[in-house]
Structure formats: C-alpha cells, structure tokens
Amino acid sequence: RTVIPGFIDGHTHFCNSTFEAIQVDCSTPPLDSLVQVLERLQVAAAAAEPGRWVRGWGFHQSRIRERRNPTRQDLDAIAPDHPVVVIDASYHGCFVNSRALELAGVDRHTSPNGKGIIVLDATGEPTGELFETASDAPGTLSWRSYAERSPQGAIDLLEANARRHLALGITSVSDA
C-alpha cells in the first residue's frame, strides 16, 4: 500500500460547508435561473417554523440566465416571516432579506468592517448583497441558529465533514 503525507488546506470554509447537508441547495448549476433558486428557498421557508433562519448555499450569479444576485426584495417576497441568507458559491459573500439585515444590524448607516462591502441602492438602502467581512454577521447568526437548534446534530455534521475531508486526503484545515 502507498503512504502519502496528508494535505493541509490552508484556505477552506470548513464551518460553512459543514452545514451544506441541511441547507437549501441553490447550486448553479443545476439550477439555471433566479426563479428556480427563489422557488427552492420558498419551499424551504414554507416548511420552516416562523422566524427560523432559511439558509441556502451554492449560488453564483454568473451561472444563471438573469446574471444578477437576489435582492432583499426578492427574498422578502418568498419568505416574509424568516430571516434568509443565501451564501455565494465562493463563500465570500451572501444575499439576505430585510429580516436578516435587521438581525445582523445592517442598515443604510452601517459601515462595513474591514474589507467588507455593503451594496447600496440608488436611495442609499442596502440591496441585501454583502461581501467579504460584511457577510460575517448574517452568516454567523444563521450558522449559530442551526448549531443551537441541535448541538449534537451540529457535532455530527462537523464529524461527517471532517470524515469527508479525510477521505480526500485532507488531514488539516485552516478555516477562513
């Protein structure tokens, strides 16, 4: 048998990818339109308890017909009773609705932390598009809501993700 050294992934999104199994898969492809992405999120929101975070992942605007990100208005329309966050496929941004902006403390007066970007519309209001460090608060709040709902379930998901990495030969990670 062959023995090779374990690989170290110096830039991964281990914590975020841990919860992919229980989030709304908004992967583009196979989804090829914003309408399909919003429909999938709407189904998840309809099945969730009121007020519970709805978290999607795998979306990227360059891979859909409309070539645009969902806005807070798009997400408000499909899930008015839930905070919604859709994590960009790169994990370097997210798209949120008004409830998520409120819970994250983001409004027209918010200054992004560090290298964050809060996209504003022509009136100076956040569009719901948050990039880099500006996406940290809704990402963390939604992640925490999953972990607090079922601590043992979160541990099981972390272990399954670690085993998935180990099966690929990745023995150490540095979570971005």
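**Close-up views of a predicted model**

View 1. E159 forms a salt bridge with R163, and their closest N and O atoms are 3.0 Å apart. A salt bridge here is a side-chain nitrogen of Lys or Arg within 4 Å of a carboxyl oxygen of Asp or Glu. The model is predicted, so local features need pLDDT of at least 70 and side-chain atom pairs count only at pLDDT 80 or more, while totals for chains, interfaces and linings use all residues. Residues are numbered from 1 along each chain as its sequence is written, and side-chain values use heavy atoms, with hydrogens and water left out. E159 and R163 are four residues apart in helix α6 (residues 151–167), a separation of about one helical turn. Helices (H or I, at least four residues) and strands (E, at least two) are DSSP runs, numbered from the N terminus. E159 is partly exposed at 39% relative accessibility, and R163 is exposed, with a relative accessible area of 54%. For these classes, buried means under 20% relative accessible area, exposed over 50%, and partly exposed in between (1.4 Å probe, protein chains only).

**View 2. Salt bridge E102–R99 in helix α4.** The count of salt bridges comes to six. One of them joins the side chains of E102 and R99, at 3.0 Å from N to O. Both residues lie in helix α4 (residues 98–104), three residues apart, about one turn of the helix. E102 is exposed at 55% relative accessibility, whereas R99 is partly exposed at 35%.

**View 3. Salt bridge R65–D32 between two loops.** R65 and D32 form a salt bridge in which the closest N and O atoms are 3.4 Å apart. The pair links distant parts of the chain, 33 residues apart: R65 is in the loop between β3 (54–59) and α3 (72–78), and D32 is in the loop between β2 (24–25) and α2 (34–47). R65 is exposed, with a relative accessible area of 60%; D32 is partly exposed at 33% relative accessibility.

**View 4. Aromatic pair F19–W143 and its surroundings.** The model has four aromatic pairs. The ring centres of F19 and W143 are 5.3 Å apart and their planes lie at 80°, so the pair is edge-to-face. F19 is in the loop between α1 (14–18) and β2, and W143 is in helix α5 (residues 136–149), so that the pair links distant parts of the chain, 124 residues apart. By the rule used, rings of Phe, Tyr and Trp (its six-membered ring) pair if their centres lie within 6.5 Å; planes under 30 degrees apart count as stacked, over 60 as edge-to-face and the rest as tilted. F19 is buried, with a relative accessible area of 1%, and W143 is partly exposed, with 25%. F19, W143 and Y146 form one aromatic cluster. The charged end of R149 sits over the ring of Y146, 4.7 Å from its centre. A charge sits over a ring if NZ of Lys or CZ of Arg is within 6 Å of the ring centre and within 35 degrees of the ring normal.

**View 5. The largest pocket.** The largest pocket has a volume of about 380 Å³. On a 1 Å grid over the protein atoms alone, a pocket is an open set of points where a 1.4 Å probe fits, with protein on both sides within 12 Å along at least five of seven lines; lining residues have an atom within 4 Å of a point. Grid points are joined across faces, edges and corners, and a volume is the space filled by probe spheres set on the points. The pocket is lined by 17 residues, and H13, N16, Y91, S135 and D136 lie nearest its centre. The elements giving two or more residues to the lining are α1 and α5, and α5 gives the most, with four residues. The lining divides into five nonpolar, eight polar and four charged residues. Here Ala, Val, Leu, Ile, Met, Phe, Trp, Tyr, Cys and Pro count as nonpolar, Asp, Glu, Lys and Arg as charged, and the others, Gly among them, as polar.

**View 6. Cis peptide bonds at P29 and P30.** The peptide bond from T28 to P29 is cis, with omega near -10°. P29 and P30 are also joined by a cis peptide bond, with omega about 15°. P29 is in the loop between β2 and α2, and P30 is placed in the loop between β2 and α2.
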